[in-house]
Structure formats: C-alpha cells, structure tokens
Amino acid sequence: MDSKPLAYLFFYGSLKKDFPIQDQLGISASLSFVEYGQLAGTLYDLGDYPALVAGTDKVQGEIFAIWDEAVLQKLDEYEGYDPLSPETSLYVRELASCGERLVWVYIYQGDLRFAERLVAGFWPSTRP
C-alpha cells in the first residue's frame with residue numbers, strides 16, 4: 001500500500017468494523033481503520049441500517065482510509081448511489097468535515113416518516 005490513502009470514509013452504520021458487510025462486499029482488504037470520529041448530522045434508525053441526514057446533532061462513527069478507488073464504486077452500488085442520477089439515488093456520497101479530515105459520507109434521501117431519531121447519534125442503539 002502507498003503511504004498516503006486515496007481518501008477517507010466515515011461509516012456510521014452497517015459498514016462499521018464490527019459488522020460483516022465490508023467482508024461481504026470484498027472491500028475490507030482495501031480499507032484500514034483510522035479512528036473513531038463524529039460529524040454533524042441527524043441519525044435515524046431504519047431497522048437494518050441507519051440514515052444520516054443534515055442536522056446539528058453529533059453522529060458517531062468510524063473513519064477508514066481508502067487504498068483502492070474501486071472501493072467507492074462498490075460502496076456507491078451498495079448504498080444505491082448513482083453519481084449520474086443523484087436525485088433518484090437512495091443515498092448520495094458527499095464530502096464532510098470530521099475533525100481535521102475530509103471524509104466521504106453517505107447521506108440518506110429516502111422517506112423518514114416512520115424512522116426513529118437516534119438522539120445519541122449512535123447506531124445501533126446497543127452495540128453488536
């Protein structure tokens with residue numbers, strides 16, 4: 001691996017390190033955990049996964065370094081993000097400030113009428 005990662009990702013849901021999704025997607029070898037972090041937003045519980053939207057709460061998550069650009073393509077597909085049609089995507093990928101780092105984060109664009117707001121900013125509300 002190069003000494004400098006291509007970019008950083010902020011995971012706040014089922015892509016965190018205690019879940020199997022990174023392995024299932026075949027991206028875990030191209031990512032490395034950097035540190036825990038938080039960013040501004042509002043977090044909702046959708047059951048099997050959370051939704052992050054713009055807001056002023058503190059959302060807790062994990063920062064990962066990206067060592068292979070193919071990771072973003074796989075994650076875009078997994079998150080339902082089409083860069084050519086962001087307006088119809090379930091999530092959009094945006095850059096956000098997380099402490100001293102700029103990180104890619106997936107922002108939810110779906111219906112939140114039946115979702116529970118997670119005031120503590122952590123999903124799941126109990127650790128796996």
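Good morning. Helices here are DSSP runs of H or I with at least four residues, strands are runs of E with at least two, and both are numbered from the N terminus. The model is a predicted one, in which local features need pLDDT of at least 70 and side-chain atom pairs count only at pLDDT 80 or more, while totals for chains, interfaces and linings use all residues. Residues are numbered from 1 along each chain as its sequence is written, and side-chain values use heavy atoms, with hydrogens and water left out.

How confident is the predictor? The chain has a mean pLDDT of 94, and 95% of its residues reach 70 or more; pLDDT is the predictor's confidence in each residue, from 0 to 100. Confidence is highest in strand 1, at 98, and lowest in strand 6, at a mean of 95.

Let us turn to the strands. Two strands are said to pair if DSSP finds at least two bridges between them. Strand 1 and strand 3 run antiparallel and are joined by five bridges. Strand 3 also runs antiparallel to strand 2, and here 14 bridges join the two. Within that pairing, Y44 has A51 in strand 3 as its bridge partner. Strands 2 and 3 form a hairpin with four residues between them, and G47 in the turn has a positive phi of about 100 degrees.

A second hairpin is made by strand 4 and strand 5, with two residues between them; its turn contains G99, whose positive phi is about 65 degrees. These two strands pair in the antiparallel sense over eight bridges, and Y91 has Y108 in strand 5 as its bridge partner. E100 also belongs to the loop between strand 4 and strand 5. Is E100 buried or exposed? E100 is exposed, because its relative accessible area is 83%. By definition, exposed means over 50% relative accessible area, buried means under 20%, and partly exposed lies in between, using a 1.4 Å probe and protein chains only.

Now to the interior. Strand 3 is largely enclosed by the rest of the structure, because 12 of its 17 residues are buried. The largest nonpolar core has 36 residues, and L9, F10, Y12, L31, L52, L75 and V105 are those with the most contacts inside it. Such a core is a set of buried Ala, Val, Leu, Ile, Met, Phe, Trp, Tyr and Cys residues joined through side-chain atoms within 4.5 Å. Which elements give two or more residues to this core? They are strand 1 (7-11), strand 2 (31-45), strand 3 (50-66), helix 2, strand 4 and strand 5 (101-108). Strand 3 provides the largest share, seven residues.

The loop between helix 2 (70-78) and strand 4 (91-98) holds S89. This residue counts as buried because its relative accessible area is 6%. The S89 side chain reaches the backbone nitrogen of D82 at 2.8 Å. Beyond its neighbours within four places in sequence, S89 is in contact with G80, Y81, D82 and Q109.

Finally, the segment after strand 6 (116-117) includes P124. W123 and P124 are joined by a cis peptide bond, with omega about -15 degrees. For background, most peptide bonds are trans, and most residues other than glycine have a negative phi. L118 lies in the segment after strand 6 as well, and counts as buried because its relative accessibility is 7%. Residues up to four places away in sequence not counted, L118 touches L43, Y44, D45 and W123. Thank you for your attention.

Key: Polar contact = N/O pair within 3.5 Å; in protein donor to acceptor, adjacent residues only side chain to side chain. Contact = heavy atoms within 4.5 Å.
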